[in-house]
Amino acid sequence: MSTTTNQSSKVYYTAHTHTTGGREGASKSSDGNLDVKLSMPGSNKPGTNPEQLFAAGWSACFEGAMAKAAQKLKVRLPESLFIDAEIDLLVDDGNFTLAARMDISLPGVDREVALQIIEIAHNICPYSKAIKGNVPVQFNLV
């Protein structure tokens, strides 16, 4: 199975991981910076799960996209900004899907400007693009 990219696109970075054992296994990156045990959500076993990893990756990427959006709007982001991301693993009659929420704090930024930053960031962030139309997403300005 192969994937294609836009002919004009250039690969900026490729993450390489090796995963064994599925949700109760382990995953390690080729550079050794990621080396995690995996466990089922709610199992209380040591390890993380794909939903936590997705929440961490998406929120980190989204914060970078917010910086680009703020730059575009000529606004300075507060150093104390934060994002609390939540990824729900839903099950309906044996079928699994995801839902997502982000609580975003932009202290000192005008509410309307903050909402613009979030909207622009959602259109910039590759994670947001990947799930757009596939995963219900809710943004909350806190």
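**Entry 1: Lys-74**

I started with Lys-74, which is exposed, with a relative accessible area of 76%. This is a predicted model, so I take the numbers here as computed from it. I placed Lys-74 in the loop between α1 and β4.

**Entry 2: Asn-44**

Next I looked up Asn-44, another non-glycine residue with a positive phi, here about 65°. I found Asn-44 in the loop between β3 (35-37) and α1. Is Asn-44 buried or exposed? Its relative accessibility comes out at 77%, and the cut-off for exposed is over 50%, so Asn-44 counts as exposed.

**Entry 3: the core**

Then I went inside. The largest nonpolar core has 24 residues. I noted the ones with the most contacts inside this core: Trp-58, Phe-62, Met-66, Leu-77, Ile-104, Leu-106 and Ile-117. Which elements supply at least two residues each? I listed α1 (50-72), β4 (82-92), β5 (95-105) and α2 (111-124). Of the contributors, α1 gives the most, with seven residues.

**Entry 4: Trp-58**

I picked Trp-58 from that core list and looked up its contacts, skipping neighbours within four places in sequence. Trp-58 touches Ile-87, Ala-100 and Met-102, among others. I also wrote down Cys-125, Tyr-127, Ser-128, Ile-131, Val-137 and Phe-139 as contacts of Trp-58.

**Entry 5: Ser-128**

Ser-128 turned up among the Trp-58 contacts, and I wanted to see how the two side chains meet. A polar contact of 3.0 Å joins them. Ser-128 is in helix α3 (residues 126-131). Its relative accessibility is 0%, and buried means under 20%, so Ser-128 counts as buried. Leaving out neighbours within four places in sequence, I found Ser-128 in contact with Trp-58, Phe-62 and His-122. Phe-62 is also on my list of core residues with the most contacts.

Last, I turned to β1, β2 and β3. They make an open sheet of three strands in the order β1-β2-β3, with antiparallel pairing. Which strands are at the edges? They are β1 (17-20) and β3, each of which pairs on one side only. From one strand to the next, the twist averages 10°. For Ser-27, I found the bridge partner in β3 to be Val-36.

How values were computed: Residues numbered from 1 in each chain as written. Predicted model: local features only at pLDDT ≥ 70, side-chain atom pairs only at ≥ 80, totals over all residues. Heavy atoms only, no water. Core = buried A, V, L, I, M, F, W, Y, C linked by side-chain atoms within 4.5 Å. Buried < 20%, exposed > 50% of the residue type's maximum accessible area, 1.4 Å probe, protein only. Helix = DSSP H or I, 4+ residues; strand = E, 2+ residues; numbered from the N terminus. Contact = heavy atoms within 4.5 Å. Polar contact = N/O pair within 3.5 Å; in protein donor to acceptor, adjacent residues only side chain to side chain. Pairing = 2+ DSSP bridges. Axes fitted to C-alpha atoms, helices over the stretch in contact; angles between N-to-C directions.
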